[in-house]
Amino acid sequence: MKFSFKFPSPYTVLMIAIMLSAMATWLLPAGSYDTLSYNSNTNEFTINSEVKQESIAATQKVLDDHNILISLDKFKEGKIKKAISIPGTYKEVASKPQGILEIIYAPIKGIYEAIDVILFVLIIGGFIGVFNNSGAFNEGVGFLASKLKGRESVLIIIVTSLIAVGGTTFGLAEETLAFYPILVPVFLAAGYDLIVPVAVIYIGSSIGTMASTVNPFSTIIASEAAGVNWTIGIYSRVAMLILGLVVCIWYIMRYAKKVKKDPTKSLLYGSKLENPFTKVTETESTNKLKGITKVLLSLFALTFAVMIYGVSVLGWWFQEMTALFLVAAILIAVLQRVGEQNFIKEFINGAKDLLGVSFIIGIARGVTFVLNEGQISDTILFYATNLVEGMPPGIFLPILMMVFFVLTLFISSSSGMAVVTMPIMSSLAPVVGVPPEEIVNTYLFGMGLMSFITPTGLILPSLAMVNVNYNTWLKFIWPLLTLLGLLSFLILWGGLLI
């Protein structure tokens, strides 16, 4: 009898991760660092430890005494809002192992925590459902396929580059979930498989955030927490952005051309996956668009342009973005002159299509809850710090990058990772003999590499958007991950020498 293994669904993968995290709370000692936070109303620092809470006047001397290499002005200007870990204060505390109930509660708590992202995704689903009902999408895809015939590879270069620019400047990440319904039909009409659009969107975003030049949610927060100006070390990040983007585009185009030439070379060959965003299996090429189609497509594109402008310039977040797509869905329905009942029906059907993606986003947050409530996140950080302390600079940076690579499994938030790890890791810089800005770059490269594959990040929701299995993605991405890892080592060593 032949044994066949089927890779589990994203939901099962995440529940396994939650259970493994809970098991770790029984095996690892619980521990915590003292934390320091700033109260702008009273101009005081609050120091929290396991046994007491202390409020003292906010001065530079307090920061220096606690070996925190951050200027007081950064706190007063509101650039560091979260509590930061104090170096050298780790201590073991009473164990808090997580049991069956905590495992059951974890995904529920995660869904509560991620409700803003979940609602954003559901509203996008409703928006796409209403728009698909107009038929403008299929007509637009047919028009684009006609215009790009023979030059489809240009689209890969343009879209990957634009998304990477969004990632490196303002941390374009969760927002990319909105792009799949637009680009999947376009790439399928061009003769590619479902891996190509997810590669273009997700790899573009990931290489952009990995080489964050001015991203406030990672580079600037991490630099401030490390006590250095964010502009220092930017040359290494620019090099990573340019060289990494070239490598990524080459890798995607190589696969795309291979699939277009011979569909049997696709990693999805024989899986019978279809475009998840339209009920029309074939799109007819057309050289001319109807007037109403032009209006609807313009409104559709304008919605995304407004979202990008709002996030990058106006400081929008999920509440504003969600409201934007809701209003846009209503405007599209008005232009189509569909009845109220038909609008509600298509909106609900569209939202239903992305319900699974929404659950994946929430369940992934459950891993963090288990680790934090079991109080082993700081323990993992403590042992990781001890691992790299005292190494020669040339070995220290690549090993530290791998430490950040592993830590990202447990702390998937870039800003959360920065405020937790940077004060501690940057304190090692003068001891080991490396510039503190290279600690920041090491954090970016290590965390960025793991973002390509970490189940607790955005890859599982992204794959769910296109019905691609996680194991298929791993087969596709591991050679690229190896190339980017080697490139990261070379750039870090170059920064150290310069």
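**Exercise 1.** Find where asparagine 215 sits, and decide whether it is buried or exposed.

*Solution.* Start with the place: asparagine 215 is in the loop that links helix H9 (195-210) to helix H10 (216-226). Helices here are DSSP runs of H or I with at least four residues, strands are runs of E with at least two, and both are numbered from the N terminus. Next, check the cover: its relative accessible area is 3%, so asparagine 215 is buried (under 20% is buried, over 50% exposed, in between partly exposed, with a 1.4 Å probe and protein chains only). Finally, its C-alpha is 9.8 Å from that of tryptophan 230, 15 residues away in sequence.

A quick note: this is a predicted model, where local features need pLDDT of at least 70 and side-chain atom pairs need 80 or more, while totals for chains, interfaces and linings use all residues. Numbering runs from 1 along each chain as its sequence is written, and side-chain values use heavy atoms, without hydrogens and water.

**Exercise 2.** Work out the surroundings of aspartate 34.

*Solution.* First, locate aspartate 34 in the loop between strand E1 (31-32) and strand E2 (35-39). With a relative accessible area of 13%, aspartate 34 counts as buried. Then list what it touches (heavy atoms within 4.5 Å): beyond four places in sequence, the residues include Asn48, Ser49, Glu50 and Lys91.

**Exercise 3.** Which residues does tryptophan 473 contact?

*Solution.* Skip neighbours within four places in sequence, and you get Val198, Ala199, Tyr202, Ile203, Phe452, Ile453, Ile459 and Leu463.
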